[in-house]
Amino acid sequence: MAFAPSDEPVALKILVAGGFGVGKTTLVGAISEIRPLRTEEVLSDRGVGVDDVGGVETKTTTTVAMDFGRITIREGLVVYLFGTPGQERFWFMWDELSYGALGAVVIADTRRLTDCFPSIDYFEQRGTPFIVAVNCFDGAERYEPDDVRIALDLDPEVPVLLCDVRRRASAKVVLVTLVEHALKTLTAAQR
Amino acid sequence: MTPPPEWLDEEAGPIVRPYALTRGRAHSSADDMDLIAMVTAVGKIPRDPADIGPEQWRILDITARATSVVDIASELDLALGVVRVLLGDLQDQGLIRVRPPAQVAPLPSERILKEVINGLRAL
Ligand SMILES: Nc1nc2c(ncn2[C@@H]2O[C@H](COP(=O)(O)OP(=O)(O)OP(=O)(O)O)[C@@H](O)[C@H]2O)c(=O)[nH]1
Ligand SMILES: [Mg+2]
């Protein structure tokens with residue numbers, strides 16, 4: 001069991017992934033206070049070597065704002081939500097974001113279901129517990145979770161649910177479903 | 001007049017040099033420090049206070065109580081890479097203790113996860 005004394009703060013990391021414009025930012029904002037977090041995209045890393053001009057390295061970057069939310073469960077127990085950037089040019093951040101993550105919510109839009117394939121592949125390969133939350137956009141045709149499961153060729157134990165990421169109550173159900181799934185995965189692994 | 005910043009596209013910000021604060025260094029002993037690693041100031045006085053910049057004093061101040069790397073970055077409103085360099089310096093000087101999440105939560109216990117589930121439901 002944990003060796004850390006009980007007063008050591010515990011931080012958990014949950015990822016919110018999915019295709020471009022699928023509702024990642026909206027979900028993080030519905031359930032937590034979004035806080036600014038800046039990271040950089042490296043455009044070129046011309047490491048000019050240690051002996052050049054006093055070891056000054058040049059690194060041309062552009063700042064990228066990331067979705068970052070924080071839910072305080074209680075003093076010393078915090079859940080961090082990270083929206084993983086959808087565009088392919090930001091994939092460099094995924095490994096760092098998913099390292100040590102408790103699990104991931106993959107948001108899917110039934111009008112563009114295949115957009116979430118890369119996210120699903122990624123978490124399957126890394127063994128990160130994940131769920132699929134189908135964001136029901138207005139005007140999009142409704143599908144049953146089981147239809148989505150078949151269309152995405154998901155393992156039977158992966159939870160699939162319909163949600164409206166704009167609604168806090170719905171976002172709550174999504175996160176609870178993920179943590180319950182992570183707990184189940186964890187206890188199954190310990191058996 | 002200064003030339004206008006060069007823009008990549010409407011999503012990318014202007015090309016900036018955020019590493020001015022770190023005297024141009026983009027790497028440090030904290031390159032791999034996890035986003036949710038917990039940082040705590042050990043309360044030691046720096047050997048040469050002139051080595052410590054104002055942002056680093058703020059970090060020491062914030063981390064009087066254990067604070068995660070992301071929260072430090074967000075609080076200082078500095079990019080993560082810059083914050084990691086500043087943290088690396090403090091770590092090299094033995095001024096902070098860094099606890100990687102593996103130690104914070106060696107696979108979170110069942111008890112913790114149940115607490116999270118109940119906490120989320122109660123939001
Ligand atoms: N009608 C409807 N609109 C939604 C829903 N979820 C998100 N939107 C809207 O869709 C747009 C995209 O949502 P975002 O949350 O920004 O999506 P994202 O996944 O963060 O997008 P990127 O970060 O650009 O990949 C926004 O204008 C939202 O207001 C929904 O459930 N229903
Ligand atoms: Mg977004």
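Chain A exposes about 9200 Å², and carbon and sulfur atoms supply 53% of that area. The model is predicted. Of the 191 residues in chain A, 54% are buried. Strand 7 of chain A, residues 130-135, is largely enclosed by the rest of the structure, because six of its six residues are buried.

**Confidence**

- Mean pLDDT for chain A is 84. A value of 70 or more is reached by 82% of the residues of chain A.
- Residues 1-5 of chain A stay under 50 in pLDDT. The model gives these residues four contacts beyond four places in sequence.
- Residues 45-56 of chain A also have pLDDT below 50. This stretch makes 14 contacts in the model beyond near neighbours in sequence.
- Where pLDDT is low, predicted coordinates should not be read in detail.

**Layout of chain A**

- Chain A holds five helices and eight strands.
- Along the sequence, the pattern of chain A reads β-α-β-β-β-β-α-β-α-β-α-β-α.
- Take the contacts in chain A between residues at least 6 apart in sequence: 70% of them join residues at least 24 apart.

- Phe130(A), Val132(A) and Val134(A) point one way from strand 7 of chain A. Ile131(A), Ala133(A) and Asn135(A) point the other way. The residues of both sets are buried.
- Strand 6 of chain A, residues 103-108, runs parallel to strand 7 of chain A, and five bridges join the two.
- Within that pairing, Val105(A) has Ile131(A) of strand 7 as its bridge partner.
- Strand 8 of chain A, residues 160-163, pairs with strand 7 of chain A over four bridges, again in the parallel sense.
- Ala133(A) has Leu161(A), in strand 8 of chain A, as its bridge partner.

**Crossovers in chain A**

- Strand 6, helix 3 (residues 117-126) and strand 7 of chain A form a right-handed β-α-β unit.
- From strand 7 of chain A, the chain passes through helix 4 (residues 145-152) to strand 8. This β-α-β crossover is right-handed.

**Helix 4 of chain A**

- The buried residues of helix 4 of chain A are Val148(A), Arg149(A) and Leu152(A).
- Viewed down the axis of helix 4 of chain A, these buried residues fall within an arc of 105 degrees, so they line one face of the helix.
- An α-helix has 3.6 residues a turn, so residues three or four places apart point the same way.
- The buried residues of helix 4 of chain A pack against helix 3, strand 7 and strand 8 of chain A.

**Sheet in chain B**

- Chain B has an open sheet of three strands in the order 3-2-4, with antiparallel pairing.
- Strand 3 (67-68) and strand 4 (96-99) of chain B are the edge strands. Each pairs on one side only.
- Strand 2 of chain B, residues 38-41, pairs with strand 4 of chain B over four bridges in the antiparallel sense.
- Ala41(B) has Ile96(B), in strand 4 of chain B, as its bridge partner.

Methods
Residues are numbered from 1 along each chain as its sequence is written. Chains are lettered from A and ligands numbered from 1 in the order in which they are written. This is a predicted model: local features need pLDDT of at least 70, side-chain atom pairs count only at pLDDT 80 or more; totals for chains, interfaces and linings use all residues. Side-chain values use heavy atoms; hydrogens and water are left out. pLDDT is the predictor's confidence in each residue, from 0 to 100. Contact means heavy atoms within 4.5 Å. Buried means under 20% relative accessible area, exposed over 50%, partly exposed in between (1.4 Å probe, protein chains only). Two strands pair if DSSP finds at least two bridges between them. A crossover is right-handed if, with the strands pointing away from the viewer, the path from the first strand over the helix to the second runs clockwise. Accessible areas come from the Shrake-Rupley method with a 1.4 Å probe; for residues, only the protein chains shown count as cover. The arc is that of the directions from the helix axis to the C-beta atoms.
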